[in-house]
Amino acid sequence: MTRSRSAPHPETNPTRTINRDPDAMPPLSKAIPLGLQHIMAMFAGNVTPPIIIAGVIGAATGETIFLIQVALFVAGVSTLIQTIGVGPVGARLPIVQGTSFGFLPVALPLANAFGLAAVLGASFIAGLLQIVLGAFLKKIRHWFSPVVTGIVVLLIGITLMPVGLNYAAGGVGSDDFASPTNLLLALFVLVVCIAVHQLGRGFVKASSILFGLLAGYLVAIALGMVDFSNLREAAWFAVPRPLQYGMEFHLTAIVGMVLIMFVVGLETIGNISAITTGGAGRPAKDRELSGGVMADGVATSFAALFNTLPNTAYAQNVGLITLTGVVSRHVVTIGGILLICMGLFPKLGGLVAAMPHAVLGGAGVVMFGMIASAGLKIIQECELDQRAMLIIAVSLSLGIGLPAVEAISETMPGQAGLLLKSGLVPAALAALLLDAILPGKPKRQRGGEDAEAEIQARKTEPSA
């Protein structure tokens, strides 16, 4: 009987109350490790896009280190904008921001054609428009149904798959491209990622990519494949410099980046809904959704000023919140501060930049495949009737077919061919247009927080 009295009632359990309250602050002894856990879970995804873009623009090792440094710094500042908030900007929820893979399929051909300055200029404009999107979110949200979002996310993954395989082979243009050593090293990383994901639990499972990269890096060092000479030249401490590459504004680049920005904004809406539904046990508030999307836009424009790709809410961290049950935004604020600190030490970026392409490629096969899988899962939530199948058929044909037949994009007048080269822009436009004009749109696809929250909650449920 005494034992029964001493046991806390489930509804008044203090741990449960802290976990479900975004404004609660756990003890620092718990908050700091939890914040570090969030950073470890997103680290690989955050540094991969700048490494890939550095390869496209032919950046020297010093430039690659700089791009990694600013990516970490910007992610930290952007995370604080979400967790702390400034006026109406920021969801004030445990949202980790990071460099987005979603923009890569459009950014890569644009960077190759116009240079990084054009990508940054287009990103800056896209961020400003995303702030407007957040302000008027309720009025235009119905444009982006799950079938549209699912198709675009699926195509992002498919478009990036060749990038991952090129890296697995050693990087395009390398002297030992597709050598047995590179391919076996990439395969080793892939096997480690899969094994850790399947056998691990909690944080270990959520950080399977990171463990795969670390294991592959250590093997590469043992094989003598890592050159640390440039690491010695990197500074111990440096403040990231804005506008290092300048900005250029090309209409073609702006159109492509803005269109993808709308889809990525909807993904942020889903992540916010998943946090409140799966973690806080309630639907997302309009202020949280609007503030979160506006913060995404501020982060994207800020990222462009500091020479890196757009930032967005990271879905893997949403899954981590679901696994741990800790919804305190102050935990993620600590993680954001740690990211800023990492971004002030270029030698850390030098360590990442020294990683062989084959190691990154082995993890990229998993990362990019998971993006495509996430798109399939979103599509699965739709009613796959003849209408939806027609939208999917046309969009996938354009999205996969146009990049495979480059002669079509080369015959387009002016710079229009660049928008066709990735296939993602015409596919997204086709999906938006067909979803808007074809009769018989399912009621569930007309938007609404409950439907989106349900979809995202299912997406982030931890697997058994």
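Analyst: The side chain of Glu-288 reaches the backbone nitrogen of Lys-285 at 3.0 Å. This is a polar contact (a pair of N or O atoms within 3.5 Å; within protein, one must be able to donate a hydrogen and the other to accept it, and residues adjacent in sequence count only if both atoms are side-chain atoms). The model is predicted: local features need pLDDT of at least 70 and side-chain atom pairs count only at pLDDT 80 or more, while totals for chains, interfaces and linings use all residues. Residues are numbered from 1 along each chain as its sequence is written, and side-chain values use heavy atoms, with hydrogens and water left out.

Glu-288 counts as buried because its relative accessibility is 2%; buried means under 20% relative accessible area, exposed over 50%, and partly exposed in between (1.4 Å probe, protein chains only). Neighbours within four places in sequence aside, Glu-288 is in contact with Ala-91, Leu-93, Ile-272, Thr-276 and Arg-282, where contact means heavy atoms within 4.5 Å.

Glu-288 belongs to helix 14, residues 286-305. Helices are DSSP runs (H or I, at least four residues), numbered from the N terminus. Helix 14 packs with helix 4 (residues 61-83): their axes come within 9 Å and cross at roughly 155°. That angle makes helix 4 roughly antiparallel to helix 14; angles under 35 degrees count as roughly parallel, over 145 as roughly antiparallel, 65 to 115 as roughly perpendicular and the rest as oblique. Axes are lines fitted to C-alpha atoms, for helices over the stretch in contact, and angles run from 0 to 180 degrees between N-to-C directions.

From helix 4, the contact involves Phe-73, Val-74, Val-77, Ser-78, Ile-81 and Gln-82; from helix 14, Gly-291, Gly-292, Ala-295, Asp-296, Val-298, Ala-299, Phe-302 and Ala-303. By class, the residues of this contact are 9 nonpolar, 4 polar and 1 charged. Here Ala, Val, Leu, Ile, Met, Phe, Trp, Tyr, Cys and Pro count as nonpolar, Asp, Glu, Lys and Arg as charged, and the others, Gly among them, as polar.

Conventions
Helix = DSSP H or I, 4+ residues; strand = E, 2+ residues; numbered from the N terminus.
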